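Here are some notes to read alongside the structure.

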Amino acid sequence: MIALLIAIPVAAALIVPFLRKQAHIVFFAMTLLLAAVAAYVALHGFAVLNAMPPWPMFFTLTADKFSILMIVLIAIVALVTAFASLSFTNDYTYYALASLAIAGMNGIMLVNDIFTLYVFIEVASLATFALIAFNRNVEGFEAAFKYIILSTVATTFILLGIFILYGITGGVSFAEISVGVKRPESVKPGLFCLMLLAAGFLVKSGFVPFHTWVPDAYGASPNPISITLAGIITKAVGLYALIRIAVTVIGVTPAISMIMLVIGIITAVTGAVLAINQPDGKRMLAYSSISQMGYIVLGIFSGNPIGVVGGVFHLFNHAILKSLLFINMASLESSTKSRELEKYSGIGEKMPVTSGTFAVGSLSIAGIPPLNGFFSKLFILIGLFAAKQTAIGVLATLASVLTLWYFLVFQRKVIFGKASEAVASVREAPLTYIIPAVLLAAISIVTGIGFSPTISAFIAPAADVLMNAASDATSAGVLP
């Protein structure tokens, strides 16, 4: 069953060149089918996870509650991207590349060996390179080139880490690596490999100081690809892989955790500061996205169960909210033909649905109750203070205040400001933007008001995977 999560988008990528005029319909149908399979897997849990794939494969597929959560997020963002793409293009190459990116991300979630993980990371990354430059303009080519160069550096680190791990453990499966690095003579080499892998994954995720490609890529990409990049791609090819390898496979020491906390808080603060006074809407959201990725790391590596739950919840929330905010920005850009925020003044009365859903997304990502972003940030901060990381907790709180500041300024000047002549003839965005925006805003509101059942049903089981892995590493003597 879970093999379908890879097979469906691969099949779509193969079909669209033969159905060029119906490429958008094929892609949209693929995302609907993918969402149905992801929902089935999520509802039936492990009952379908051990089923044999429908054909012989060179690698095995497995899933746990953490990867299932990510699969659901990929399906949601893919469906949103399909809606937005209907107003963008009918070019079959676009839909083939987008399908391959989705297949690569799902593969990352389901494999259980590090080399195949790398292969799927590169599948998703290569498709993303081309999609960033899809508009074939100078801005897009420059952004794609930066991404390629930095990603090549990241790939070098990742491959070096994989080769050394194979040398010290004798295998590439997660199980073989997990056992191999627990041998006394392999602990230090294993941690060195973890540092190499972490460096590669942090580059692909856009963490500070490897963040310079992010605003260029998000800004230059076609709007549907900006939604996908911010919503899920950077999390899948970088952050998820880092968490999977560091926490559940190799294990981390307190020193490594502290390093990750420092990187997380620097990223959270730097992203928030750089987002202030950004004149370009997509670049502002890009820097905000960098900041929120830092919060996820703060929660996951806090070493506190509440913090880990908060980190996983913020991972979920960030995928939903950044997809929402970028589709709102796509609506504004399509209606005004500009990404300059000053030209949006007073647009609230002209585009009430877009403005309302943007308010939901921005207030939630800033941590305003009772929206979902408030609870995930609250849990992260509680986890940091409970873990006696007081200084980092204070800085994280200040970064959240900065986030609230620049989003409130945006709301005051743009949404509720005095209408300018530039927006006099503006009308509400098309339904291809409105429908997914309303859907994502509803998810934010429902999972915020109903945060307790949301955490119990979806977030806590995923967080348990990480906490149990850390506990096993400690009992095995890997974590002093």
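In which loop is lysine 388 found? Please keep in mind that this is a predicted model.

1. Lysine 388 is found in the loop between H15 and helix H16 (390–415). Its phi is positive, about 65°, although lysine 388 is not a glycine. Most residues other than glycine have a negative phi, so a colleague may well ask about this spot. Lysine 388 is exposed, with a relative accessible area of 70%, and the cut-off for that word is over 50%.

2. Asparagine 277 is another non-glycine residue with a positive phi, again about 65°. You will find asparagine 277 in the loop between helix H11 (254–275) and helix H12 (281–300). Asparagine 277 is exposed as well, at a relative accessible area of 73%.

3. Two peptide bonds are worth a look. Most peptide bonds are trans. The bond from valine 208 to proline 209 is cis, with omega near 10°, and proline 209 lies in the loop between helix H8 (187–205) and helix H9 (213–220). Proline 369 and proline 370 are also joined by a cis peptide bond, with omega about 5°. Proline 370 has its place in the loop between helix H14 (352–366) and helix H15 (372–386).

4. Now for the largest pocket, which holds about 490 Å³ of space. Its lining is made of 22 residues, and Ala42, Val72, Ile76, Phe316 and Phe458 are the closest to the centre. Helices H2 (23–44), H3 (65–85), H17 (431–449) and H18 (451–475) each supply at least two lining residues. H3 gives the most, with 7 residues. By class, the lining has 19 nonpolar, 2 polar and 1 charged residues.

5. The whole structure has 17 aromatic pairs. In one of them, the ring centres of phenylalanine 27 and tyrosine 95 are 5.3 Å apart and the planes are at 50°, so the pair is tilted. Phenylalanine 27 lies in helix H2 and tyrosine 95 in helix H4 (residues 92–110), so this pair ties together parts that are 68 residues apart in sequence. Both phenylalanine 27 and tyrosine 95 are buried. They belong to one aromatic cluster formed by Phe27, Phe88, Tyr94, Tyr95 and Phe134.

6. Finally, some charges over rings. The charged end of arginine 136 sits over the ring of phenylalanine 134, 5.2 Å from the ring centre. Elsewhere, lysine 377 lies over the face of tyrosine 295, at 4.6 Å from the ring centre.

Note on methods. Residues numbered from 1 in each chain as written. Predicted model: local features only at pLDDT ≥ 70, side-chain atom pairs only at ≥ 80, totals over all residues. Heavy atoms only, no water. 1 Å grid on protein atoms, 1.4 Å probe; cavity = no way out; pocket = protein on both sides within 12 Å on 5 of 7 lines; lining within 4 Å. Points joined across faces, edges and corners; volume = space filled by probe spheres on them. Helix = DSSP H or I, 4+ residues; strand = E, 2+ residues; numbered from the N terminus. Nonpolar A, V, L, I, M, F, W, Y, C, P; charged D, E, K, R; others polar. Buried < 20%, exposed > 50% of the residue type's maximum accessible area, 1.4 Å probe, protein only. Phe/Tyr/Trp six-rings, centres within 6.5 Å; stacked < 30°, edge-to-face > 60°. Lys NZ or Arg CZ within 6 Å of the ring centre and 35° of its normal.
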